[in-house]
Amino acid sequence: MTIDGGLAPTRSTHATPLVFGAGAGIGVLGGMIGLGGAEFRLPLLISLFGFAALSAVILNKAMSLVVVLAALPARLAAVSASEVAAHWSVAVNLLAGSLLGAWAGAAWAVRMRSSTLHKVLAVLMVLMAAALMATHVATVGTLALPLWAQVPCGVVAGFGIGVVAAIMGVAGGELLIPTIVLLFAVDIKTAGSLSLLVSLPTMLVAFARYSRDGSFAVLGANRRFTLIMAAGSIAGAMLGGLLLGVFPDLVLIPVLALILLVSAVKLARHD
C-alpha cells in the first residue's frame, strides 16, 4: 500500500506560459550538455509547482518518456541504425539488469514515506552531479574487461541505473552513457543512441510498476500540464543543442552540478 500522500490527483493551476517556459529552460540546460534535463526538472516540479515527491517523480517520468521518443529519430539520423544494431548485445546486457532495477526502484518508491523519498532523491541528485562532472569534465576510459566479467558487470550496472531512473523519473542517460563507454568500449556518439534504446523499455517497465498502485491518477489530473511542459522541454532541448559549445564545459558543467547540489539540499530539508 502506498504511504506517500503525493498520489492524490492534485491539479496544477499554473499559467501555460510559466509551465512551457519552465520546461523550455530545463530543456535548454539539458540540450547544451546532451541530456533531456529530467534531473533539473524534478526539483522544479517539487519546489516551484508544489507537487509531492512521488507525484513529481511520475510526472517527470512521463515527460522523460516523451522527450526520449522525440530525441530518438534525431539521434538515429546522427548515428546510423546499422551502427547501433552492431552493438545490440550491449543493449541486451544492460537491459537484463535495468528492467529488473526499474521494477524494483518503482516498487520501493511507492512504499517510501514522502519525507524518506525526499532524502533519497537528494542523495541521488548528488550522484547525478558527480556523474555529470565525471562524464563531461574527466575523460572516460575503458576497463577492457574479459567477456566473462563484462556481462555480469553490465547486468549489475544496469540494475543500479534502472533503480535510479525509476526513483527519480529520469531516462538515465547520465549514467548509461559513461557505463557503455567504460564497460563496452563503445564510442560516445553510439553510446548515446544505445542509451536511448535501453532507456525506453526501462521507463516502460517502471511505468507498469507504478500503474499497479494507482500512481497514474496524477497524470490524469495533470495531462495538460504534462504535455505543455514536455513540449517546452523538447523545444528547449532543440535550442540547447544549437547552443552547444557556446559556453565551455569547464564553466557550464560545474554551474549545472552546483544547481543539482543546491536542489539536493533543498529536497533533503523539504518536509
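**Close-up 1. Helix H5 packs against helix H7 in this predicted model.** H5 covers residues 88-111, and H7 covers residues 147-168. Their axes lie 6 Å apart. The angle between the two helices is about 30 degrees. Angles under 35 degrees count as roughly parallel, so H5 is roughly parallel to H7. The crossing of H5 past H7 is right-handed. Where H5 meets H7, the contact residues comprise 14 nonpolar and 9 polar ones. No charged residue takes part in this contact.

**Close-up 2. Helix H1 crosses helix H11.** H1 runs over residues 16-32, and H11 over residues 223-242. The two axes come within 6 Å. They cross at roughly 35 degrees. H1 passes H11 with right-handed geometry. The contact of H1 with H11 holds 13 nonpolar residues, 9 polar residues and 1 charged residue.

Close-up 3. Helix H12, residues 249-269, supplies its largest share. That share is 3 residues. Val262 is placed in H12.

Close-up 4. Two packed helices are described by the angle between their axes and the distance between the axes. For H5 and H7, these values are about 30 degrees and 6 Å. For H1 and H11, the angle is roughly 35 degrees, and the axes come within 6 Å. H5 passes H7 in a right-handed crossing, and H1 passes H11 in a right-handed crossing.

How values were computed. Residues numbered from 1 in each chain as written. Predicted model: local features only at pLDDT ≥ 70, side-chain atom pairs only at ≥ 80, totals over all residues. Heavy atoms only, no water. Axes fitted to C-alpha atoms, helices over the stretch in contact; angles between N-to-C directions. Helix = DSSP H or I, 4+ residues; strand = E, 2+ residues; numbered from the N terminus. Parallel < 35°, antiparallel > 145°, perpendicular 65-115°, else oblique. Left-handed = near helix turned anticlockwise from the far one by under 90°. Nonpolar A, V, L, I, M, F, W, Y, C, P; charged D, E, K, R; others polar.
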